[in-house]
Amino acid sequence: MASSTRQSLAAAKEALQPLLAKADLKFATELFTIGNAVASSTQLRNILSDPSAEAVAKSGALQAVFGKGVSKAALEFAEHLVVLRWSTGSDLVSAFEQLAVHTVAAIAASAKKLDQLESELFSFRQAVDSDQDLQMALSSKTASLEAKLALVNALLGKKASAETALLVQNAVSGARRRRVSVVLEQFGKQISAFADRLVALVTSAAELDKKQIDRLEKALAKAYGQSVTLNVEVDESLLGGLKVQVAGQIIDGSLSNRLQQAKLQLA
């Protein structure tokens, strides 16, 4: 991420902060909607992300496209967002998405449901990763968005929270060239960043009990000096032990890896 975009995103989060006390899921939905519309229109994206364009011209474009479709609060925040300096048009699109996720995280945190949101997002991502037919259905270029959302809603049922449903639906509708699983992973990391904690993907050869998970969580938090959320999955092909991916590092203590290393030494 370029320096100008990084600074603009930080400024945008600061501007969003006072709005979060009254923000609801409708506001977050509107941020997703504006971002998706900007992503789908090259002309609109170029106008709104052009650093040389006048603020009044950008405001006029937003009013013309979204004036009757979104709330006054969302429109005013969008006007603030587009006058910031973004390195590329896609950075502006990404900012709308990240700020929508940030808003959903704040709403969940206010309702003390942040852990539930992280857990449900990871569970849905696991479901997508483990089902090739589902992956193909969600990435199909011939299926309509309505059909994909109907499938997602049927899978979520009434079990998932409204916050989770909103993020999963927008991971599908705003995936563009990304895999839905990748978008869900990005959303999960953004929610953990909101909570000021790292996310560790732990792959184990067998199910871990709560005591083992708690010990591992504490050990990683101590090692990285920061709270860590564990997303745990089982992969019997590891044969034994664990593999941990955290903060860009892979700690592979699996039996399959040790056997592979032994083979290389004997070769």
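Axes here are lines fitted to C-alpha atoms, for helices over the stretch in contact, and angles run from 0 to 180 degrees between N-to-C directions. This is a predicted model: local features need pLDDT of at least 70, side-chain atom pairs count only at pLDDT 80 or more, and totals for chains, interfaces and linings use all residues. Residues are numbered from 1 along each chain as its sequence is written, and side-chain values use heavy atoms, with hydrogens and water left out.

**View A. Helix 2 against helix 6.** Helix 2 spans residues 25–40 and helix 6 spans residues 89–110. Their axes come within 8 Å and cross at roughly 165°. The two helices are therefore roughly antiparallel (angles over 145 degrees). Their crossing is left-handed (the near helix is turned anticlockwise from the far one by less than a right angle; clockwise is right-handed). Helices (H or I, at least four residues) and strands (E, at least two) are DSSP runs, numbered from the N terminus.

**View B. Helix 2 against helix 5.** Helix 5 covers residues 72–82. The axes of helix 2 and helix 5 come within 9 Å and cross at roughly 45°. The crossing of helix 2 and helix 5 is right-handed.

**View C. The largest cavity.** A cavity is a set of points on a 1 Å grid over the protein atoms alone where a 1.4 Å probe fits but cannot get out; lining residues have an atom within 4 Å of a point. The structure holds one cavity of 30 Å³ or more. About 30 Å³ of space lies in the largest cavity. Its lining is F32, G35, N36, V93, E97 and R176. Helix 2 and helix 6 each give two or more residues. Helix 2 gives the most, with three. By class, the lining has two nonpolar, two polar and two charged residues.

**View D. The largest pocket.** A pocket is an open set of grid points with protein on both sides within 12 Å along at least five of seven lines. The largest pocket has a volume of about 420 Å³. Its lining holds 25 residues, and E185, K189, V199, A200 and N231 lie nearest the centre. Elements giving two or more residues include helix 7 (114–129), helix 11 (180–194) and strand 1 (197–204). Helix 11 supplies the largest share, six residues. Domain 2 (114–196) and domain 3 (198–266) each contribute at least three.

Key: Points joined across faces, edges and corners; volume = space filled by probe spheres on them. Domains from an automatic or database assignment. Parallel < 35°, antiparallel > 145°, perpendicular 65-115°, else oblique. Nonpolar A, V, L, I, M, F, W, Y, C, P; charged D, E, K, R; others polar.
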